[in-house]
Amino acid sequence: MLQTVSPRQIFRILIVSALGIYSLPCPTRRWMFLQKVDDMATNPRILAFAGSTRTDSYNKKLVQIAAAGARTAGAEVTYVDLRDLPMPLFDEDLETSHGLPPAARQFKDLLLAHQGLLIASPEYNSSIAAVLKNAIDWASRPTAGEPPLAGFTNKAAVIMSASPGALGGLRGLVHLRSILGNIKVLVLPDQIAVPKAHEAFNPDGSLKDAKQQASIEQLGQKLTEILVKLNA
Ligand SMILES: Cc1cc2nc3c(=O)[nH]c(=O)nc-3n(C[C@H](O)[C@H](O)[C@H](O)COP(=O)(O)O)c2cc1C
């Protein structure tokens, strides 16, 4: 009988042959290694961040709700606050003279280490915030030994926004979707913009509206499910 080989089996075979894992003398260590390879396929790694540095940012709260949903669905989520990665404004002369600034390198390394992205983007003057665009611009720059757009290619992303305004930052999401799509990120159709954000959150960071809270958690869950399918 002809047996088809699943992409997961191919992935396993490739890793095993590349690393010569069957040469490991101890069967337990071999089994533990193979478990880890399988975990990479079933527990996707997701990087979550907001395009705001503000301490009380609505978007930071929002993305952490989606991150919790992703964790519940089995993802390993890293949350990063862009305030902790201060980058200079992108400047090609600075890049030529000094290369990637340390915070931009850190951000790019985080992107490289994750398969999925959860991004909550504030809307500034109908577009995305400069801090988010700046981080994307730095991380999009090629460095020696890396293929172009290495931090973004083949990532899957879910985007969301929160704003005190009536549209919830929806117009900024149109731009963010376009930017990410052009740098080879697969942006899922599911997205949510939370309007009247100044009234929407409880002091603990959850949303007052239970249905809205669940729908944001589901964004994280959806991204996790898609990543599991893509890696199956
Ligand atoms: C320069 C600037 C421009 C803004 N433009 C918009 C806008 O176009 N649409 C909107 O809904 N809110 C706009 N806002 C309000 C932001 O949505 C609000 O400051 C929000 O709290 C920012 O997100 P954060 O809470 O995650 O920091 C603007 C705020 C600033 C500072």
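Reply: For sorting residues, Ala, Val, Leu, Ile, Met, Phe, Trp, Tyr, Cys and Pro count as nonpolar, Asp, Glu, Lys and Arg as charged, and the others, Gly among them, as polar. This is a predicted model, in which local features need pLDDT of at least 70, side-chain atom pairs count only at pLDDT 80 or more, and totals for chains, interfaces and linings use all residues. Residues are numbered from 1 along each chain as its sequence is written.

Me: How do the residues of the shell around the ligand divide into nonpolar, polar and charged?
Reply: A residue is near a molecule or strand if its C-beta atom, placed from the backbone, lies within 6 Å of it. The ligand is surrounded by 15 residues, with Ser57, Asn59, Pro122, Ser163 and Gly165 the closest. Helix 3 (58–72) and strand 4 (123–124) are the elements that give two or more residues to this shell. The division is 5 nonpolar, 8 polar and 2 charged.

Me: How many helices and strands are in the chain?
Reply: Both kinds of element are DSSP runs numbered from the N terminus, helices being H or I with at least four residues and strands being E with at least two. The count for the chain is 9 helices and 7 strands.

Me: Which strands stand at the edges of the sheet?
Reply: Two strands pair if DSSP finds at least two bridges between them. The open sheet has 5 strands in the order 2-1-3-6-7, with parallel pairing. Each edge strand has a single partner strand, so one side of it is left without a neighbour in the sheet; the two are strand 2 (76–80) and strand 7 (186–194).

Me: Over how many bridges do strand 6 and strand 7 pair?
Reply: Strand 6 (residues 156–162) also pairs in the parallel sense with strand 3 (residues 116–120), over 5 bridges. In that pairing Leu118 stands opposite Val158, and Ala120 has Met160 as its bridge partner. Towards strand 7, Ala157 is partnered by Val187. Strand 6 and strand 7 pair, again in the parallel sense, over 6 bridges.

Me: Is Gly69 buried or exposed?
Reply: Gly69 is found in helix 3. Gly69 touches Ile216, Glu217, Gln218, Leu219, Gly220 and Gln221, not counting residues up to four places away in sequence. The C-alpha atoms of Gly69 and Ile216 are separated by 7.6 Å, though the two are 147 residues apart along the chain. Because Gly69 has 25 C-beta neighbours inside 10 Å, this residue counts as buried.

Me: How far apart in space are Thr55 and Arg83?
Reply: Thr55 lies in the loop between strand 1 (45–50) and helix 3. Thr55 has 8 other C-beta atoms within 10 Å and is therefore exposed. In sequence Thr55 and Arg83 are 28 residues apart; in space, C-alpha to C-alpha, the separation is 8.6 Å.

Me: What is the phi of Ser126?
Reply: Most residues other than glycine have a negative phi, and most peptide bonds are trans. Asn125, in the loop between strand 4 and strand 5 (127–128), is not a glycine but has a positive phi of about 45 degrees. Ser126 is found in the loop between strand 4 and strand 5, and is exposed with 12 other C-beta atoms within 10 Å. Ser126 is not a glycine either, and its phi is positive, about 70 degrees.

How values were computed:
Buried ≥ 20, exposed ≤ 12 C-beta atoms within 10 Å, placed from the backbone. Contact = placed C-beta atoms within 7 Å.
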